[in-house]
Amino acid sequence: MNNVRPVRGLDPRDSALSTPGRRWAVFGFAAAVIGIAGGGFCLKMIGFATTIYKDETPGFGLVAMTLYLIGLLPVVFLTLWALFSGKFQDVELPKYRLLELHEEFERNPGMRRSHVER
């Protein structure tokens, strides 16, 4: 798939993150979102821990904490897998490939009929 050519003057190297200012803005926004979400998660865990400590409702805090942490594990593992397997290397390429396929589909009416018949 290295022979992908730009479509209608679009160049995959001209992404939204091509300038350092935009790159820092996206990084800052991502850090803020992760910080707020992580803070909310930590506050919820602290609430469950205080429920366990005060023993207000026996077993409630422990079960809730366990379920939250078990639910978090697949997200962490999938993110790490995607990161280490290179899934985030070129996130712009599929978009340009889709545009290329769309143009090819529009130029070739026979291709359209064969896909409709299936």
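**Reading a helix pair in a predicted model**

Modeller: In this protein, residues 24 or more positions apart account for 47% of the contacts with a separation of 6 or more, a contact being heavy atoms within 4.5 Å. The model is predicted, so local features need pLDDT of at least 70 and side-chain atom pairs count only at pLDDT 80 or more, while totals for chains, interfaces and linings use all residues. Residues are numbered from 1 along each chain as its sequence is written, and side-chain values use heavy atoms, with hydrogens and water left out.

Colleague: How do helix 1 and helix 2 cross, and at what angle?

Modeller: Axes are lines fitted to C-alpha atoms, for helices over the stretch in contact, with angles from 0 to 180 degrees between N-to-C directions. Here the axes of helix 1 (residues 20-54) and helix 2 (residues 60-84) come within 7 Å and cross at roughly 150 degrees. That makes the two helices roughly antiparallel, a label for angles over 145 degrees.

Colleague: Which residues of helix 1 and helix 2 meet?

Modeller: Among them are Phe 41, Met 45 and Phe 48 in helix 1, and Leu 62, Met 65 and Leu 72 in helix 2.

Colleague: Is Thr 51 buried or exposed?

Modeller: Buried means under 20% relative accessible area, exposed over 50%, and partly exposed in between, using a 1.4 Å probe and protein chains only. Thr 51, which lies in helix 1, is buried at 11%. Its side chain reaches the backbone oxygen of Gly 47 at 2.9 Å, and, leaving aside neighbours within four places in sequence, Thr 51 is in contact with Glu 56, Thr 57, Phe 60 and Gly 61.

Definitions and conventions
Helices (H or I, at least four residues) and strands (E, at least two) are DSSP runs, numbered from the N terminus. Angles under 35 degrees count as roughly parallel, over 145 as roughly antiparallel, 65 to 115 as roughly perpendicular and the rest as oblique. A polar contact is a pair of N or O atoms within 3.5 Å; within protein, one must be able to donate a hydrogen and the other to accept it, and residues adjacent in sequence count only if both atoms are side-chain atoms.
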